[in-house]
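Me: I'm new to this structure and would like a close look at just one part. Please take me through the salt bridges, starting with whichever pair you like.

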Amino acid sequence: MPLPSLSKLAEQNPWATNPWFETVAVAQQRAKKRLPSSVYGALIAGAEAGVSMNDNLTAFDELGIRPITAGQSAKRELATTVMGQSLSMPVMISPTGVQAVHPDGEVAVARAAAARGIPMGLSSFASKPLEDVIDANPSTFFQIYWAGDRDSMVARMERAKAAGAVGLILTLDWSFSHGRDWGSPAIPQSIDLQTALAHAPDVARKPAWLLDWVRSGALPDLGVPNFVTPGDRVPGFFEAYGVWMGTPPVTWDDVAWLREEWGGPFMVKGISRADEARRAVDAGATAISVSNHGGNNLDGAPAPIRVLPEVVDAVADQIEVVMDGGIRRGSDVVKAVALGAKAVLIGRAYLWGLAANGQAGVENVLDILRGGIDATMFGLGKESIEDLSPDDIVAPEGFFPPRIG
Ligand SMILES: Cc1cc2nc3c(=O)[nH]c(=O)nc-3n(C[C@H](O)[C@H](O)[C@H](O)COP(=O)(O)O)c2cc1C
């Protein structure tokens, strides 16, 4: 009988694989292998047919770049600032409800971001208390939704301020669209013995993920501690989601009120039209993230990179414009900056890194992006991200939809 090759054996042995990965796509493959299918499915997310989620990625593939071959600078400057924070490169962590990816969750992400010199965005649906996350990365923006009554929103903001959050992100692009053509993963209300047993077959097939949790001495916790003030009972994800669903829709006057109450750097996330970008400026926003929530919400919403120039033209002379959605490579970051974004936020890219290898996996993802930004800048002959312009990008006809407003 022929013996299996060593490389084949290493492939089959999850404990023997080199934890380093060379692209975000490889991190995603590792995440898929490591995570229970319900956890992986919750990160894929997407909505309905997944048109927007896929367009977020393919739109970047449709954009070309115009390289040069000689006369490049030996050094490239990638550093910038957003909402008064220093960024070692034009990348930030987008807030995500991390669910049960890794026992260290958002604290590991915050540490990785701090180690690489970039700010952290922390979701109000995160699994770790914001005080712990800010300890790990003092450059943290707290994200909230228009959820609950005004007093509870003020209490959440006061808590974030007291802990040292350096800015607020108000996410506005959620319209409670549920359902995916490929099926939504079953997410339990909470993890008790009964649910643990129900999920046992799925979980048992993922020993590396399970071992991480066993070592941490805890079960995945689906509570959302940042939805309340310290000392209050921590609600479960679905309880908090119910409060949010029952909240009357936000108005621009409400946005202005919230901004006033916060009193510091204030980003509105989810804008994709010039007319709304102007409303956000009028409401006092200091930054906008052009976003469609990673394609998780209203399917058919355009990929942010397609509508970025419309928003940049409308308001970038007054406030900072960033974007998020579909960033998987350094060249994607360069394309976004060339089309006018001050920086980008990443979501799934770091979640795949976290799933694949904890804090080191997130650092690995950030290093991939940095290397890719640098290589693309080198190819374009740019010394600084400030020198990037739309002329560096080739967009096919019809790439940008007709402007609104
Ligand atoms: C699993 C998951 C959870 C998310 N949770 C939040 C959230 O709690 N708050 C928020 O503002 N955005 C949330 N988002 C959206 C991200 O902040 C970001 O807009 C999106 O992931 C960007 O697209 P990308 O994943 O292609 O980078 C979530 C996204 C994912 C994939």
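Reply: Let's start with Arg 403, which counts as partly exposed because its relative accessible area is 48% (buried is under 20%, exposed over 50% and partly exposed in between, with a 1.4 Å probe and protein chains only). Before going further, note that this is a predicted model, where local features need pLDDT of at least 70, side-chain atom pairs count only at pLDDT 80 or more, and totals for chains, interfaces and linings use all residues. Residues are numbered from 1 along each chain as its sequence is written, and side-chain values use heavy atoms, leaving out hydrogens and water.

The partner of Arg 403 is Asp 313: their side chains meet in a salt bridge at 2.5 Å, N to O (a side-chain nitrogen of Lys or Arg within 4 Å of a carboxyl oxygen of Asp or Glu). This pair links distant parts of the chain, 90 residues apart, with Asp 313 in helix 14 and Arg 403 in the segment after strand 12 (helices, H or I of at least four residues, and strands, E of at least two, are DSSP runs numbered from the N terminus). Asp 313 is exposed, at 53%.

Elsewhere, Asp 374 pairs with Arg 76, with their closest N and O atoms 3.0 Å apart. Asp 374 sits in helix 16 and Arg 76 in the loop between strand 1 and strand 2, so this bridge ties together parts 298 residues apart in sequence.

Glu 363 forms a salt bridge with Arg 116, at 3.7 Å between the closest N and O atoms. Glu 363 also lies in helix 16, and Arg 116 in the loop between helix 5 and strand 5, so parts 247 residues apart are tied together. Glu 363 is buried at 14%, while Arg 116 is partly exposed at 23%.
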